[in-house]
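Thanks for coming, everyone. Please have a look at the screen.

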Amino acid sequence: MSARFWYLRRGVAWHSVLGACGGATITAFLLARWPDDAFLLAPALLACCAAAAAFVYDEDALPVVAVTPRGASWRRVNRLGVALVPLSLWAVVVSVRPGHVSLAQPGWWLLGGSTVLLVAGSAALASRRLVPTPGALLAPVVALAVVAPVTFAGLFSWGTLYPIDDFPDPVRTVWLGVAVSGAAVCAVALRPGLRP
Amino acid sequence: MSSLSMPASGIAGHRAMAVIEARRMARHPVFVLGVALGFVLLGLYVVLVDDKTGIPVALTLPLLGAFYIGLTSVIAAARLTRSTEVAVEAVATAPGTEARRTLGLAAAGIPPFLAGLVFSGALVVAVKEIGVAPQEWWFGTLPDWQVWSIVLLCPVACLDGALLGVLTGRWLRFRGAPAMVVVALIVVTLLGQAPLLETSSSEWRLWVPWAIFHTGDNADGTQTLIAGNPAAYLCYLLALGALAVLGAMWHDRTARTPRFRTLVAAVVAAALALFVLAATTGNHDNRVSDPIPSRATS
């Protein structure tokens, strides 16, 4: 256990992870102040949490640590646990409902959990392919991708992926699909060995 | 080796650097993805949302190009700027200064600008071919210069996105900087204008880097044109882009000559003047169109 904490404390890019979590916290305060703009602020908050998850696998010395006796699988499995930090922040914010925004909590927990899982899994997959700092590219792309569906909702009659009051079944199906994809990506990324 | 054989100073050297940076931008996967998404969504909108009166809310569509091309350009340009930092010690021994390299990097804004221009052109052509409702805010219900100014906000926003990326890459060294800048840009743009849109002071929203001029369809089938002068706002956005380049060049201490400081002050003054001009001229109040019966939802 101590070796695990020692590694995570020194190996994880905490500045990036906690910086993105700080962005999420600021956005939560903005949401409390302007709850009428939840249609965009809630996805922006999710974007920050997802960006934090993208940094979980950043490791500058990856080519060296990937071949240590303890093994790459041990490293990847333990790093996945760090994704609990942005995930917990998301869970707390949805529980608190800043500004008394009427978020359908089970749906929004699913939405955040599936996004963080998919992003962390994608970072793990990149790490498996020996990309040392996947978060540098993944974080901004994911942040943009998370907010992008808001633009669809205004233009098309497809409905929104971020429903505030009630969480319709089709939207739940979409997010369940994201969750399943995230689980599959994690399963592939956490297999023993270095490359697919 | 090609960079060492380049002229150390002068227009030819700068042009060569600019061409290299523009090519790198045009090939950047994030930028290419953003351009593809922007055009795919525009195509889907034209095909799927076309109703019997023509293309609805055409004047809001430059937002699609600005969002997908402009914001991906922020990410791509920031990464291009940071990419040379791994070789900063070697680069520092080469002829030329950081400010000069930054000026070369500003050419990374050319591909997004051209992509935005093509996007706006495609929008205008599509609307011309398919048509719009006679009550729609477009050519015929608005002066041509206002429509062109709003449509051309898209390429200018795409250009500014790339220039903001260069500024981000020069000043913010932490890994999540482009992600935080993208989220902050979206949040500031929303919160900076949303509370003002329905008020009598809506023209003061124009300080934000992407101000909307058209609300889309209202529930009664009307559309609201928000107050302000779009042509002056377009020029204000260009001034913001110039400020982003100057701000990025400011990172190089050797560039901060008295002449350069005067230039920065002049551009700041111009940006402020253009903002005031945008807010105090043009349409003084929000204008509501005649209702389009088929679009009414209440």
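Let me start with a definition: the radius of gyration is taken over C-alpha atoms, and the globule rule is 2.2 Å times the number of residues to the power 0.38. Before I use it, some ground rules. This is a predicted model, so local features need pLDDT of at least 70, side-chain atom pairs count only at pLDDT 80 or more, and totals for chains, interfaces and linings use all residues. Residues are numbered from 1 along each chain as its sequence is written, chains are lettered from A and ligands numbered from 1 in the order in which they are written, and side-chain values use heavy atoms, with hydrogens and water left out.

Chain A, then. A compact globule of 196 residues would have a radius of gyration near 16 Å, and chain A agrees, with 17 Å. Its C-alpha trace spans about 50 × 30 × 25 Å along the principal axes. Chain A has ten helices and zero strands. Helices here are DSSP runs of H or I, at least four residues; strands are runs of E, at least two; both are numbered from the N terminus.

How much of chain A is buried? Of its 196 residues, 51% count as buried. Buried means under 20% relative accessible area, exposed over 50%, and partly exposed in between, with a 1.4 Å probe and protein chains only.

One example is Thr27(A). This residue lies in helix α2, residues 14–33, of chain A. Thr27(A) counts as buried because its relative accessible area is 4%. Leaving aside neighbours within four places in sequence, Thr27(A) is in contact with Leu41(A), Ala44(A), Leu45(A) and Cys48(A). Contact means heavy atoms within 4.5 Å.

On to chain B. Eleven helices and three strands make up its secondary structure. Along the sequence, the pattern runs α-α-α-α-α-α-α-α-α-β-β-α-α-β. Chain B has a radius of gyration of 21 Å, close to the 19 Å from the globule rule for 298 residues, so it is as compact as a globular protein of that length. Its C-alpha trace spans about 70 × 40 × 35 Å along the principal axes. Buried residues make up 52% of the 298. Take contacts in chain B between residues at least 6 apart in sequence: 79% of them join residues at least 24 apart.

Now Phe213(B). Where is it found? Phe213(B) sits in the loop between α9 (177–193) and β1 (214–217) of chain B. Phe213(B) is buried, with a relative accessible area of 4%. Beyond neighbours within four places in sequence, its contacts include Ile150(B), Leu153(B), Arg205(B), Pro230(B) and Tyr233(B).

Last, the nonpolar core. That term means a set of buried Ala, Val, Leu, Ile, Met, Phe, Trp, Tyr and Cys residues joined through side-chain atoms within 4.5 Å. The largest one has 132 residues, and Trp108(A), Leu59(B) and Tyr233(B) have the most contacts inside it. Which helix gives the most to this core? Helix α3 of chain A, residues 38–54, with 15 residues. Trp108(A) touches Ala42(A), Trp90(A), Tyr162(A) and Phe167(A), among others, again leaving aside neighbours within four places in sequence. There is a second, separate core of twelve residues, including Ala106(B), Leu159(B), Leu163(B) and Val267(B).
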